[in-house]
Amino acid sequence: MKKLDVLFFGILLSLTYGYTLITDSSSTYFVSDAIYLLAPLVAAVLGVIAFVSFGGLAKRSLSLLLITIGLFSYLIGESVWFYIVHILQLEPGVSIADGFFLAAYPFFLAGILIEYQLNEIRLTFVQYRDWIVYVFGALALVIAYFSIFGSYSTDSGPLLNAVNIGYGIGDLILVIGVCLLLLMAKFGHGQLKKPWRWIVVGFTAMMLADLAYSLAGDAYYDPAMLAQLKLPIDIGWILSYVFVSQGMIGFIGIAREAQDIMSKLTSRSKTVVPQ
């Protein structure tokens with residue numbers, strides 16, 4: 001699967017999801033939610049392939065392993081939520097699914113920090129004042145206001161408030177990680193920074209969709225606001241997985257190119273007859 005294939009898959013998945021969501025006369029959204037699960041599934045599977053392609057437990061692949069664990073945590077969370085809503089037919093509320101979603105954020109940040117450390121980037125004070133820091137610093141303030149302070153409600157119980165605030169903190173973690181990745185992509189070197197840019201786009205789409213969901217509140221679940229709120233927010237989450245998948249495809253391609261070069265060098269060395 002190439003980058004264009006993943007992009008086409010993302011467009012097709014988004015269109016299919018949107019069509020099944022809008023045309024669902026039963027308002028259960030069973031089919032559309034099942035289609036939605038394909039996005040995190042593809043991202044997680046490609047993450048495993050990328051990890052294996054980079055040689056398992058090699059230092060370079062450790063960051064991919066942690067990112068992939070985070071993706072699987074998201075996939076499990078999405079699957080548990082689907083099971084609760086559509087199989088058990090219960091109100092979503094606070095559930096174990098939230099635990100898996102929240103658990104993904106530390107893995108994402110750990111993977112990014114390891115990659116940043118491996119690149120051995122030493123930025124000056126002037127470089128830290130780059131536009132990237134200002135833009136994502138402003139985004140962090142917006143997330144902190146709306147997704148952390150704004151998510152607290154006296155009408156909600158302590159557990160629901162804790163979970164909502166946890167998502168806001170998780171998005172702040174992603175802001176830090178994305179900011180580091182962008183600095184690495186701008187001031188770093190080598191081919192690996194190209195796939196990481198797709199990861200940046202994916203995580204940014206995820207943060208923006210989370211922020212939109214936090215701002216929407218209960219209106220997200222209002223059938224009358226289906227096309228205005230739920231559809232664009234859900235497609236934002238779908239595309240976040242698609243962009244991360246594109247990044248994983250990039251890692252797989254780079255790893256396979258390196259393996260081809262090594263195998264050619266090895267085969268050539270075997271054909272040399274010693275004098």
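The numbered points below concern the overall build, helix packing, a salt bridge and a surface patch.

1. Basis of the note. This is a predicted model, in which local features need pLDDT of at least 70 and side-chain atom pairs count only at pLDDT 80 or more, while totals for chains, interfaces and linings use all residues. Residues are numbered from 1 along each chain as its sequence is written, and side-chain values use heavy atoms, with hydrogens and water left out.

2. Overall build. The chain has 10 helices and zero strands; helices (H or I, at least four residues) and strands (E, at least two) are DSSP runs, numbered from the N terminus. Of its 275 residues, 46% count as buried, a term for under 20% relative accessible area, with exposed meaning over 50% and partly exposed in between (1.4 Å probe, protein chains only).

3. Packing of α7 and α9. Helix α7 (residues 131–149) packs with helix α9 (residues 193–216) at an angle of about 30°, their axes being 10 Å apart. Axes are lines fitted to C-alpha atoms, for helices over the stretch in contact, and angles run from 0 to 180 degrees between N-to-C directions. The two helices, α7 and α9, are therefore roughly parallel to each other, as angles under 35 degrees count as such. The crossing in which α7 passes α9 is left-handed, that is, the near helix is turned anticlockwise from the far one by less than a right angle.

4. Packing of α4 and α9. Helix α9 also has α4 as a partner: the axes of α4 and α9 come within 14 Å and cross at roughly 30°. These helices, α4 and α9, are therefore roughly parallel to each other, and α4 passes α9 in a left-handed crossing.

5. Salt bridge. How many salt bridges does the count come to? The count is one, the rule being a side-chain nitrogen of Lys or Arg within 4 Å of a carboxyl oxygen of Asp or Glu. The side chains of Lys 230 and Asp 234 form a salt bridge at 2.9 Å, N to O. Because Lys 230 and Asp 234 are four residues apart in helix α10 (residues 226–271), about one helical turn separates them. Both Lys 230 and Asp 234 are buried.

6. Nonpolar patch. On the surface, Phe 30, Val 31, Tyr 83, Ile 87, Leu 88 and Leu 90 form a nonpolar patch with about 560 Å² of accessible area together. Such patches join nonpolar side chains (Val, Leu, Ile, Met, Phe, Trp, Tyr) within 5 Å, from residues with over 30% relative accessible area and no salt bridge; accessible areas come from the Shrake-Rupley method with a 1.4 Å probe. Helices α2 (30–36) and α4 (59–87) each supply at least two residues of the patch. Tyr 83 lies in α4 and, at 44% relative accessibility, counts as partly exposed.

Definitions and conventions. Patches are made of residues with over 30% relative accessible area and no salt bridge: like charges are joined within 9 Å, nonpolar side chains (Val, Leu, Ile, Met, Phe, Trp, Tyr) within 5 Å. Angles under 35 degrees count as roughly parallel, over 145 as roughly antiparallel, 65 to 115 as roughly perpendicular and the rest as oblique.
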